[in-house]
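User: I am new to reading protein models, and I would like to learn how to go from single residues to the whole chain. Could you take me through it step by step?

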Amino acid sequence: MINFLLAFYAFFAFAVNFSVVKFYQKYFADGLKSTLLYPVIYSVAMTLFPLVLNGFKLQANLFAVLMALLLAFILIMQNIITIFAYKNGKVSISTMFLMLGGMLLPYIYGIIFSSEKPSVFAIIGMVVLTVSLFIPLIEKKQSEKVKPLFIFLCLIIFLLNGSNGVVCVIHQKSASAIDTNSFLAWCGIFQFALSLPVYLVYSLISKAKIKNAAPAAASEPVLASLPEKTGLEKRLASIRPIYKTLISIACVLTAVLISCSGSLSQLIAAKTMDSTVLFPIITGGMIVLMSISGSVLFKEKMTLSILIGIILSAIGTVLFIF
């Protein structure tokens with residue numbers, strides 16, 4: 001029962017983290033630079049949070065450190081490629097591939113390499129969850145063309161998010177595994193080492209572009225005014241910059257702490273819980289909560305297909321308990 005509670009908390013934490021990050025990117029993030037800054041801040045917290053819980057003790061061996069490095073690399077690449085995918089196609093389609101990868105690859109790994117035998121209910125639940133991910137795409141217009149590059153990026157996202165779960169399982173079930181807090185801390189250290197250079201390089205490139213474009217921009221007339229801000233955007237725009245900065249920092253720190261606790265719960269559950277049960281439960285729960293938060297918090301339209309997808313996801317998730 002404790003494993004199911006950990007899995008439920010993990011998908012709750014990941015869904016809340018997704019909503020907070022979405023709020024930050026929508027109202028506070030200033031383009032790609034702010035988006036790339038998030039993993040830098042996240043990696044610092046991912047290092048400190050488990051270290052504090054572990055009394056600043058850090059276990060290490062070659063296997064665990066290499067697995068943490070691999071996981072950090074996968075997470076960084078996943079974040080970057082997801083950004084490019086969002087720019088080249090529909091966010092809903094990208095998210096579908098992201099979710100499917102995180103659910104299917106650990107599921108397949110558990111059956112083939114860990115000799116896990118899912119119950120009949122778990123198999124039915126997997127089918128229901130897979131169908132629920134495709135349901136919201138039914139309303140998409142057939143006239144919309146999908147770029148080959150976008151399809152390629154979605155496939156990479158599928159593989160990376162699935163590999164994320166597989167790497168966690170491989171480490172946690174290995175006899176050479178270090179304690180969960182130490183593994184999470186090593187992952188944070190490597191994420192910081194990989195994400196900081198990316199952020200710094202992009203910042204330098206952006207400054208150079210702005211500097212070169214400034215004279216030309218100054219000499220050109222303004223052709224059109226910016227769209228008028230409405231609702232929450234207008235209220236946030238009236239806030240003093242220092243307070244807006246503090247709110248944005250609070251959003252990032254909240255998302256980071258919640259996500260770290262969710263990652264910790266997932267890793268602890270992965271030690272003894274079958275992959276064929278853990279990752280589908282997390283995926284199904286996230287689909288339900290993310291869809292509800294999108295409708296309630298961000299006023300996204302709740303269509304019939306999305307509602308059907310939510311109901312199927314809830315049913316599929318519950319089936320894994322039996």
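User: Is Thr180 buried or exposed?

Analyst: A residue counts as buried when its relative accessible area is under 20%. In this model, which is predicted, Thr180 has a relative accessibility of 9%, and therefore Thr180 counts as buried. Thr180 lies in helix α7, which covers residues 180–219.

User: Which residues is Thr180 in contact with, leaving aside its neighbours within four places in sequence?

Analyst: With those neighbours left aside, Thr180 is in contact with Gln172, Leu264, Leu267, Ile268 and Lys271.

User: What is the relative accessible area of Met103?

Analyst: The value for Met103 is 0%, and under the 20% cut-off this residue is therefore buried. Met103 has its place in helix α4, residues 91–113, and, leaving aside neighbours within four places in sequence, Met103 is in contact with Met126, Leu129, Thr130, Leu133, Pro280 and Thr283.

User: Now for a pair of helices: at what angle do α10 and α11 pack?

Analyst: Helix α10 (residues 275–296) and helix α11 (residues 304–319) pack at an angle of about 150°, and their axes are 8 Å apart. An angle over 145 degrees counts as roughly antiparallel, and therefore α10 and α11 are roughly antiparallel to each other. Their crossing is left-handed.

User: Which residues of α10 and α11 meet?

Analyst: From α10 come Ile281, Gly284, Gly285, Ile287, Val288, Ser291 and Ile292, and they meet Ile306, Ile310, Ser313, Ala314 and Thr317 of α11. Sorted by class, this contact has seven nonpolar and five polar residues, with no charged residues.

User: How many helices and strands are there in the protein chain?

Analyst: The protein chain has 11 helices and zero strands, and of its 322 residues, 46% count as buried. To see how the chain is joined up, consider the contacts between residues at least 6 apart in sequence: 89% of them join residues at least 24 apart.

Conventions. Residues numbered from 1 in each chain as written. Predicted model: local features only at pLDDT ≥ 70, side-chain atom pairs only at ≥ 80, totals over all residues. Heavy atoms only, no water. Axes fitted to C-alpha atoms, helices over the stretch in contact; angles between N-to-C directions. Helix = DSSP H or I, 4+ residues; strand = E, 2+ residues; numbered from the N terminus. Parallel < 35°, antiparallel > 145°, perpendicular 65-115°, else oblique. Left-handed = near helix turned anticlockwise from the far one by under 90°. Contact = heavy atoms within 4.5 Å. Nonpolar A, V, L, I, M, F, W, Y, C, P; charged D, E, K, R; others polar. Buried < 20%, exposed > 50% of the residue type's maximum accessible area, 1.4 Å probe, protein only.
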